[in-house]
Amino acid sequence: MRTLTVVAAASLALVTPTAALAQDAEPAPAETSLSDLSEKLSDPLFQDQAAAMVGALMGALLELPIGPIAEAVDQATGGEGPDIDPDARIVDLAPEAEDLPREVSERLPQAMSAMSGMAEGLETMLPALRDMAERMKVAMEDGRSR
């Protein structure tokens, strides 16, 4: 199940920015404000679109053939690789993952709302973080000059 969680997290990390880019035809400014990000992540339409895209991606990932990868591992290890059917798909090796696309799609809007709240909090903290970074820079410069 840990492998499935990693696959889901990696897919989300790849798909969420992709969904944002796909929705906006215009190039994003060099620096997007955290409030813009928070607003985007809390948008129900964007959440639904991202959930559908992630669900479809997860479904496609589960259908990927794993046999060729297992064969490559077998060759690389001199025959010590796992014994896997050459036609096996990822879902064949982890049948409990069959519902993963639906589960991820259902939970993604809630996760995006949580990320939106975190972005708002981070924006509130940003002035203090910048001040701290400046103090650290001065302290490091003082340490080098000694």
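## Helix 3 against helix 6

In this predicted model, helix 3 meets helix 6 through F46, Q47, A50, A51, V54, G55, M58, G59 and L62. Their partners in helix 6 are L100, P101, V104, S105, L108, P109, M112 and S113.

Two packed helices are described by the angle between their axes and the distance between the axes. The table gives these values for the pair, along with the handedness.

| Feature of the helix 3 and helix 6 pair | Value |
|---|---|
| Axis approach | within 8 Å |
| Crossing angle | roughly 145° |
| Handedness of the crossing | right-handed |

Helix 3 covers residues 44-62. Helix 6 covers residues 100-144.

Helix 6 also holds M132. Is M132 buried, partly exposed or exposed? M132 is partly exposed, because its relative accessible area is 40%, between the 20% limit for buried and the 50% limit for exposed. M132 belongs to a nonpolar surface patch with L122, M125, L129 and M136.

Now the whole chain. The protein chain has 6 helices and 0 strands. Its pattern along the sequence reads α-α-α-α-α-α. The chain counts 146 residues, and buried residues make up 23% of them. Its accessible surface comes to about 10100 Å². Carbon and sulfur atoms hold 60% of that surface. Among contacts with a separation of 6 or more, 76% join residues 24 or more positions apart.

Notes:
Residues numbered from 1 in each chain as written. Predicted model: local features only at pLDDT ≥ 70, side-chain atom pairs only at ≥ 80, totals over all residues. Heavy atoms only, no water. Patch = residues over 30% accessible without salt bridge, like charges linked within 9 Å, V, L, I, M, F, W, Y side chains within 5 Å. Areas by Shrake-Rupley, 256 points an atom, 1.4 Å probe, with all protein chains shown as cover. Salt bridge = Lys/Arg side-chain N within 4 Å of Asp/Glu carboxyl O. Helix = DSSP H or I, 4+ residues; strand = E, 2+ residues; numbered from the N terminus. Buried < 20%, exposed > 50% of the residue type's maximum accessible area, 1.4 Å probe, protein only. Axes fitted to C-alpha atoms, helices over the stretch in contact; angles between N-to-C directions. Left-handed = near helix turned anticlockwise from the far one by under 90°. Contact = heavy atoms within 4.5 Å.
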